[in-house]
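Welcome! Let's take a friendly walk through this fold, one piece at a time.

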Amino acid sequence: MMNPKPQSVEEYFSWFSGEILEKLQSIRDTLRREIPEAKEVISYHMPAFRTTEVLVYYAVAKNHIGFYPTNSGVSEFKKELAPYQTSKGAIQFPHDRPIPLDLIAEIAKFRLLEAKERAVKKKKKA
């Protein structure tokens, strides 16, 4: 049985193989390339990328890979996400369909910009 609380992204990835692992790695590679200043962490028991705040999370579910760019990351890309099941802060990429890496890259860059703007506003208030 899987340990539900991974200590690292590597441990999380070690739970998977084949096509699922390939999809996870492609998401990870895309995020590393598009938001290189973000640090990889485990947050809420999922791989995530953070700067001053967590930008995006992602995780494997039974029938999909969940991508969690927070509410703003979903609402900002509502039109582009129309083919996918979404909720307030989550997107489901079904296992039987290709992962839209270009869309993931755009959402991640949006979230990075949003976090930078929020950090600047916070500093001005301090």
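Predicted model: local features only at pLDDT ≥ 70, side-chain atom pairs only at ≥ 80, totals over all residues.

Beyond its neighbours within four places in sequence, Phe67 is in contact with Leu31, Val56, Tyr57, Tyr58, Gly89, Ala90, Ile91, Phe93, Ile104 and Ile107. Phe67 also belongs to the largest nonpolar core, which has 34 residues. Within that core, Phe67 is one of the residues that touch the most other members, along with Leu31, Ile35, Tyr58, Leu81 and Ile91. Where do the core residues come from? At least two are supplied by each of α1 (9–14), α2 (18–34), β2 (46–50), β3 (54–60), β4 (64–68), β6 (90–94) and α4 (101–125).

Now look at the strands. Six of them form an open sheet with antiparallel pairing, in the order β1-β2-β3-β4-β6-β5. At the edges you will find β1 (39–43) and β5 (85–87); each has a single partner strand, so one side of each lacks a neighbour in the sheet. From one strand to the next, the twist averages 25 degrees. For a closer look at one pairing, follow β2 and β3, which run antiparallel and share three bridges. Here Ala48 sits opposite Tyr57 of β3.

Helices join the picture too. α2 packs on the sheet, where it touches β1, β2, β3, β4 and β6, and its direction makes about 170 degrees with that of β3. α4 lies across β3, β4 and β6, at about 145 degrees to β3.

Finally, visit His64, which has its place in strand β4. Is His64 buried or exposed? His64 counts as buried because its relative accessibility is 15%, under the 20% cut-off. Leaving out residues up to four places away in sequence, His64 touches Ala59, Gln92, Phe93, Pro94 and His95.

Terms used
Residues numbered from 1 in each chain as written. Heavy atoms only, no water. Core = buried A, V, L, I, M, F, W, Y, C linked by side-chain atoms within 4.5 Å. Buried < 20%, exposed > 50% of the residue type's maximum accessible area, 1.4 Å probe, protein only. Helix = DSSP H or I, 4+ residues; strand = E, 2+ residues; numbered from the N terminus. Contact = heavy atoms within 4.5 Å. Pairing = 2+ DSSP bridges. Axes fitted to C-alpha atoms, helices over the stretch in contact; angles between N-to-C directions.
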